[in-house]
Amino acid sequence: MSDSPGDGLLRWASEVGSATWDALRQAAAHLCSSHQIRVRPSRLTDSLSALGHLDIDWERRVWSVARPTINVVPGLGLCTVLTGSRTYYLEDRYRQAAEDNLIFPMEFPQPIDRYAQRPLAPKLILAKCASLEVARELAQRFDADYVEDPATGLAAAMRGIEEPPTTPAAPPLRENAWWFNPETYDWVEALPTFPGGLYRQDLGERMTHLWYDEDRWCHVELPEGQFRAIEGLDQSVFRWRPALDNAGQASRFEVPARLLLPTLAERALTVSLGKLPTTHDGWRRYRNIPKTVAATLADKLGQALGDYE
Amino acid sequence: MPLSYEDWAERLFEFFFDEENDGEEILFAIDEPTLQEIYPEGGTAAGSSLAQAVASRIQGSQWLVSNVYLNMVQPWERLGRPGAHPALPLLALTVLAASRMQTGGSFAANNYYVPLRRTLDPNDVGHGPPGDFRDYIEQLWFSVEEWSTVTLEGRMGILRAESQSLRYVGLALQHAFLRASDLRHLDEFFRRFGLEPGEDLDVEPAELRRRIRAWLLGRNEPWAIRLRDACKDRQGDDRELMSHCERLLIREARRWDGRPRDPRTGRAIGQILLVVKSRANPQPGLYPKWDQRLPESQVLHLPGADPTTITRVEGFGWYKPHPLPIENLGQVLEEGLDVTGEPTNFQFAEASLYTLSYDNEIAAWASVDHITFGEPHIFVVRAEIADEVAQFLAGQAEEGGPAGHPMKPLGDDRLSDWRLIGPSRIDVRPTAGLPDALAPFLPAGRGLSLRLLGGLRIGERRNVYLRGGEPAIGLSELADPNQPLVVERAETDEPVGGDLEIRTGADEVPPWNLEPQPGEDEVPLWTLKLEPGEYIVKQGGARAIFAIVEGVSAVAGPGAGGVLTDGVSGTIAPAPAPAVRPHMVVVRPGIGSWVILGSSPDEYEAMKLPRWLKEEFREPHEPAFLTWTEIDAWLDFDPIWQLFPSSESGAGTREARLLHPSEPTTDGTSEGTDWAMQILGAELHADAEQEEQGLWLRYRERAQGR
C-alpha cells in the first residue's frame, strides 16, 4: 500500500516528537505539495489529532506525538488498533513483534477525502490477536502502551457543556461578527442588538469563537459553542443504531456534518474502528460505536440519543 | 552652548564605539543627520559646531594637524590612552567633508580637498591639501586603529585605517561613500534571498556586491541609487573602495538577525509598524513596537510634534500612545521615517507593499516582516502593483476555497495611491510567479547560494531529512543558469548527519542531472525518491549537502506525550472504574451467536459474531479471511456459562458449557427471566464432568425458582 500524505506527516511528527504548530503546518504543506494535493494542510493535522496520533495545544500553539498504543476495542474481534507514534524504527519493531502465529497484522487505507479524492490520513494498522494476552504481549514487545476500551475512557474524560465558558473576551466589532443560527446551523450577520449565543469573529480566514450570554463575552471552542447554542432545542442531532447482523453492518452513530465534535469525542468515535468517519446525506457516520459511548457523548453535549427513523 | 573639542571626542566615542560592534569593523559614517543625532541640542548647527571645535585645535584655516597629533594624541598615549581618542573630532570632520563630495562623481583626491577646506571654513576658497594635513593625517588614523584594536581589544569595534592607493583621502572616503541609512535596505535584500539569521554565508564578497547591484537596477529611490553606485565595479584608485564596500556588505549579511540595527553602531533600532484597525473602514496608523532590546519607556522626537514619551503597555509588545501623531502619512509610507529617540532611535521602513497579520494584543492588523503560511494576511499596496498582487493571491487559493481577494481603497485621503487587499492566505511556498513586492515576505525563489527549502527536516542538524521528505533546491542567483543541477551521492569527511547512523541503500547510483526550467526558482528533489545516504547538489561552483535517513528515534522524538487534550495524550484515558471488561469466550464453527450467563438472573448477554468485520477488513476482490476460535466478550459481570444454539438459525436446544465455575447467587426470584429461560432451554454438553454437572443442576434449580 502506498503511503498517504498523512503517513508521511505521522512519521515526521513521530521522529520530531514535539514542536510548534507552525512547524507541523509547514511539514503538512510540504507533503501536500509533494503529493500534488491542494487542500488545507490543517486537514492533515486535524486527522492525526482525531485518530489519536497527536495532541495540539492551540493556546500555546505547540503539539506532541502520543505514545504508541495498542488499543483493544469492543466489537473489533480482537483486531487491535495502533495509535500514537510511528517512527520508522518503531514500525520495524512492530512488524517484528507481529511475526507470530498468534498475530495477524493488517493495514487498510483511510476513507477517501472528499477534497483530495484520495485517502489523506495515516493508514489504519491493525493486528488481529488470538487472545487478550497475546495483544498485551504484542504491546510489550515493541515498548508500546496497552489500553482496553479506549472509547469509554475518552468519552468519560471529555469535558461537557454543563459549565459555562469562563475566559473573558473583548466584544467583537459588528463588522467582523457572525451569529450562529442554532436552527439552521448557518452563520448570519450579527444584529446590532447582539442576541445571546455563539459568535464567530471573522478575521479573514482565521476565526475565533465567542459566547455571549447575560452581557458577558467569553472565548469558546467552536464545537462546545455549537452544542451550547442548540441545547434545549427540539431537534435530534445524534442518532444511533445497533449492528445489523443480517445486513453485515456495524453499529452506527451519526451527527449532522455541520456540527463539529470536541476532539476527545471525535477521538473516542474514530478509535472504535480506527478509521475516520464518512459522510452520507449530510450526516457524519462513525461505526462500531457502543451504545454506552454514544449515550455518554450525547449526555455531555446536552443532547438525547435518537434512533434512526 | 557649543560643544568643546573634548566634548565632541566623548560624544563620538559613545556613539560609535559599542559592545554591539564587538570584533566588527566600525562604519564611521559622519554626515549631517548623524551629527544631529550625536548633538541633538545643536540641531542643524551640529556640523558647524564640530567644525568650530576642530578649528580651535588646528589654528583654523592654517590646518595645523600636527597640533592634534603632537599636543593631544602623544601626551594622551603617554598617559595610557584613557577615555576617548583625541583625534576623533578631527577625523569625523574629514569624513563629513567626504560625505559632501559630489554624489556619483569620482572619489579622486582632487575632488576632496575643496569640500574639506569648506567644511572647516565656508569662506576658504583654496585648493589642494591644506596645511600639514598630509604629514599627519595617516598617523592619526593609524593611532585610532591601534587604539581600537589593541587598547580596547576590539571589544567595542575596530576603526580601520586602510587607504592603500587612495592615500590620505581614502581613509575618510571609506566611511563616507555610503550613507548608514542606505544599509538598512539590505534587510529587504536578505529576506528576499532567504538569508537566515546566523547562517554561515558561503559567498564571494564580489558576488554579493554584484548581486545587490543587480537587485537595485531599475529602482529609482534615492537610497537605491546611492547603494547601487556604491556597489558598482571600480577601477584604478577607486578599487579599494570597492573592497571596502564588499567588506561592509559581508559584515551586514553576517550580523543580520532580522531585526533593525544601526549599521554604524550596531545598536538596536526600534520599529514603527503600520496598523489597520478595521477592514471595513481601513484607516492606517503608525504604532511603535516594543521588543526585549528596548526600554519600557522612552522619548521620540517625531517630525512636527512635541517630544512624545512612549511607554510599553504592561505585558504587551507595544508602546502607547498609538497611533503616533504623524501628519504626512502618505509621504511616510513612500519615503520611510527615521525618528530620533532617547535612548533608542526608531524607524519606519518604506515599501511599495506592506503585509499585515492580525495581532491579538492590539486587536488590529499590524505590518510584519514575513508571511506565515496558513495565516490570513491583508496587504496595503501601491495602486500600480495592486492588480498584480491580487491576481497572484487569487491563484494561491485552495481548491474549493474562496477565490476572491477583495481590493478596496484606504479610508484616508492622504493614501489615495494605496489599496488594501485581502484577507488572503498562502498555504504553500510558491515556486514561481511571485511578484517582486511580495518576495521579501516569502522565503521562496532564488538565493545567494543553493538552498535547501522545505522538506521534512529531522534531528538536530539543519540538513538531515526524512526519507520521502526530500527538500527542494532553491537555485542560486550567482550560479551560471546554463549549468545543470547535479545531485549525487557524497562521501564527506565530516558526516552530514553527525553521529546519526545513516543506513545507505544501493551503493551505486548514478548522478542525477536536472535541468531547471526557464523561470523556475527551485527544483524539487522529492521526485527522485532518494535512498538514505548523504548527497551533494552542485551547480557550477555552488553546492549544498544533505542527508536522507529512515529515522532517528526509536519510539518517538523528544517531548512525545507532553501536550494534552483535555488532560489526555493519545487514546489512553482510563475510565475511573471500567464497567465492562473483556473476557475470552469460545467461537464454534458455523455458529454466529451465543449467550453468556453470569451467576445471577440479571447477568445475561446475547452475543453475535461481528461478521461485518469480515467485509470491513478484507482486501478488494479477495475473499474474506477473518475467522475466530476465541473472541473477546465485553461484559459487566463475570461469565459462568456460554450457551450455543445447535444451529445457525438459533432453533433447537442450546448447549451449555462452563466458562468459570461459580455458584448461582439468585434469591429465588429468577423465574421467567431471560437468564432462567436460557438455562431451562439448554442442556449441558455431553462431555461434562461430574462437578460441572452438579453446578449445572444447581443453576437449573434456581432457574425454576427453587
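## Burial and overall make-up of chain B

Of the 706 residues in chain B, buried residues make up 52%; buried means under 20% relative accessible area, exposed over 50%, and partly exposed in between, with a 1.4 Å probe and protein chains only. This is a predicted model, in which local features need pLDDT of at least 70 and side-chain atom pairs count only at pLDDT 80 or more, whereas totals for chains, interfaces and linings use all residues. Residues are numbered from 1 along each chain as its sequence is written, chains are lettered from A and ligands numbered from 1 in the order in which they are written, and side-chain values use heavy atoms, with hydrogens and water left out.

Chain B has 18 helices and 27 strands. Helices (H or I, at least four residues) and strands (E, at least two) are DSSP runs, numbered from the N terminus. Among the contacts (heavy atoms within 4.5 Å) in chain B with a separation of 6 or more, 67% are between residues 24 or more positions apart.

## An enclosed helix

Helix 6 of chain B (residues 113–120) is largely enclosed by the rest of the structure, because six of its eight residues are buried. The buried residues are Tyr113(B), Pro115(B), Leu116(B), Arg117(B), Thr119(B) and Leu120(B). Their cover includes helix 3 (46–55), helix 5 (88–99), helix 7 (133–151) and helix 8 (169–173) of chain B.

## The interface with chain A

In the interface, 81 residues of chain B are in contact with 92 residues of chain A. The area buried between the two chains is about 6,800 Å², and carbon and sulfur atoms give 58% of this. Buried area is the accessible area (1.4 Å probe) that two parts lose on being put together, summed over both. In chain B, the residues that lose the most area to chain A are Val555(B), Thr571(B) and Trp612(B), together 11% of what that side buries.

Between chain B and chain A there are 24 residue pairs in polar contact, both residues being at pLDDT 80 or more. A polar contact is a pair of N or O atoms within 3.5 Å; within protein, one must be able to donate a hydrogen and the other to accept it, and residues adjacent in sequence count only if both atoms are side-chain atoms. Strand 12 (418–425), strand 21 (581–586), helix 16 (612–616) and strand 24 (630–635) of chain B each supply at least two residues of the side that touches chain A. Strand 24 of chain B gives the most, with four residues.

## Salt bridges

A salt bridge is a side-chain nitrogen of Lys or Arg within 4 Å of a carboxyl oxygen of Asp or Glu. By this rule there are 46 salt bridges over all chains, and three are found across the interface of chain B and chain A. Glu616(B) forms a salt bridge with Lys275(A), with the closest N and O atoms 2.8 Å apart.

Within chain B, Glu246(B) and Arg209(B) meet in a salt bridge (2.7 Å, N to O). This pair links distant parts of the chain, 37 residues apart: Glu246(B) is in helix 13 (residues 239–255) and Arg209(B) in helix 11 (residues 205–216). Glu246(B) is buried at 12% relative accessible area, and Arg209(B) is buried at 1%. Glu488(B) and Lys538(B) also meet in a salt bridge (2.9 Å, N to O). Glu488(B) lies in strand 16 (residues 485–489) and Lys538(B) in strand 19 (residues 533–539), so the pair ties together parts that are 50 residues apart in sequence. Glu488(B) is partly exposed at 23%, as is Lys538(B) at 24%.

## The surroundings of Tyr319(B)

Tyr319(B) is found in strand 5 (residues 319–320) of chain B and counts as buried, at 0% relative accessibility. Leaving aside neighbours within four places in sequence, Tyr319(B) is in contact with residues including Pro288(B), Trp290(B), Pro295(B), Arg312(B) and Phe346(B). A polar atom of the side chain of Tyr319(B) lies 2.4 Å from the backbone oxygen of Pro295(B).
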